[in-house]
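Let's walk through this structure together, one feature at a time. Please keep the sequence and the 3D view open as you read.

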Amino acid sequence: MRIRPALTATAAVAAVGTLGLAAAVPAQAAEYSSALKVEGIQYDAPGKDSNKCSGGNTKNEYLTIRNYSRTKTVNLKGYLVKDGAGNKFTFKTTHKLEPGDSVKLRGGRGTDSDAKNVVYRQNCNFMWNNDKDTIYLVKPTGSRADVHSYTKKADDRDGNGYITYHG
């Protein structure tokens, strides 16, 4: 019996390229070289969804963005957050994240605070779908900083409406 050695990763990639084959790669498989990344998302606010500006719960839906750099402070001004349907939020003012800091981008209306690391979308509509969506974090230059897709069934096994990406 003849034993064939396994293909190395390099040889496999070369073989795929030679044959003109391409593998489907999910959006979140790409690792971007940004200090800022989506740490997690509360895509389904606890309780019954109510997008009323007064008494609603859109503020309980949030996206946490963390600065994973050990040395670089990052200014969020000009960064864009959007979903798969094209709903968008752009950080319009200076909000600096020191190394290791995070910010919660919340729905609803409120007062932005550097001290509390919170920014409000000033919009009482929910941004994230409760069943599935895609989160894009885009640099001011237009290149992607991070992207993740989720489905409630596959990614939120405990059903609490929160998913962690870069813990």
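Is glutamine 122 buried, partly exposed or exposed? With a relative accessible area of 34%, glutamine 122 is partly exposed. Here buried means under 20% relative accessible area, exposed means over 50%, and partly exposed is what falls in between (1.4 Å probe, protein chains only). You will find glutamine 122 in the loop between β8 and β9, and its phi is positive, about 55 degrees, although it is not a glycine.

A word on the ground rules before going further. This is a predicted model, in which local features need pLDDT of at least 70 and side-chain atom pairs count only at pLDDT 80 or more, while totals for chains, interfaces and linings use all residues. Residues are numbered from 1 along each chain as its sequence is written, and side-chain values use heavy atoms, with hydrogens and water left out.

Now step back to the whole chain. Its secondary structure comes to two helices and 11 strands, counted as DSSP runs numbered from the N terminus (helices are H or I, at least four residues; strands are E, at least two). Followed along the sequence, the pattern is α-β-β-β-β-β-β-β-β-β-β-α-β. Of the 167 residues in the chain, 38% are buried.

Next, let's look for empty space. Rolling a probe the size of a water molecule over the atoms shows where such space is left. On a 1 Å grid over the protein atoms alone, a pocket is an open set of points where a 1.4 Å probe fits, with protein on both sides within 12 Å along at least five of seven lines, and its lining residues have an atom within 4 Å of a point. The largest pocket has a volume of about 320 Å³, where volume is the space filled by probe spheres set on the points, and grid points are joined across faces, edges and corners. Its lining has 20 residues, and Phe89, Thr90, Tyr120, Arg121 and Gln122 lie nearest the centre. The elements that give two or more residues to this lining are β5 (88-90) and β8 (118-120), with the largest share, three residues, coming from β5. By class, the lining has six nonpolar, nine polar and five charged residues. In this scheme Ala, Val, Leu, Ile, Met, Phe, Trp, Tyr, Cys and Pro are nonpolar, Asp, Glu, Lys and Arg are charged, and the others, Gly among them, are polar.

A disulfide (a pair of cysteine sulfur atoms within 2.5 Å) joins cysteine 53 to cysteine 124, with an S to S distance of 2.1 Å. Cysteine 53 lies in the loop between β1 (36-42) and β2 (62-67) and cysteine 124 in the loop between β8 and β9 (132-138), so the pair ties together parts that are 71 residues apart in sequence. The link of cysteine 53 and cysteine 124 is right-handed, with 120 degrees about the S-S bond. How do its two ends sit? Cysteine 53 is exposed, at 52% relative accessible area, whereas cysteine 124 is buried, at 5%.

Aromatic rings come next. The structure holds three aromatic pairs: rings of Phe, Tyr and Trp (its six-membered ring) pair if their centres lie within 6.5 Å, and planes under 30 degrees apart count as stacked, over 60 as edge-to-face and the rest as tilted. One of them is tilted, because the rings of tyrosine 43 and tyrosine 150 have their planes at 35 degrees, with centres 4.8 Å apart. This pair links distant parts of the chain, 107 residues apart: tyrosine 43 in the loop between β1 and β2, and tyrosine 150 in strand β10 (residues 144-151). Tyrosine 43 is buried at 0% relative accessible area, and tyrosine 150 is buried at 2%. Another pair is edge-to-face, because the rings of phenylalanine 89 and phenylalanine 91 have their planes at 85 degrees, with centres 5.1 Å apart. Both phenylalanine 89 and phenylalanine 91 are buried.

Finally, turn to strand β1, where you will find glutamate 39. Glutamate 39 is buried, with a relative accessible area of 14%, and its side chain makes a polar contact with the side chain of arginine 66 at 2.9 Å. A polar contact is a pair of N or O atoms within 3.5 Å; within protein, one must be able to donate a hydrogen and the other to accept it, and residues adjacent in sequence count only if both atoms are side-chain atoms.
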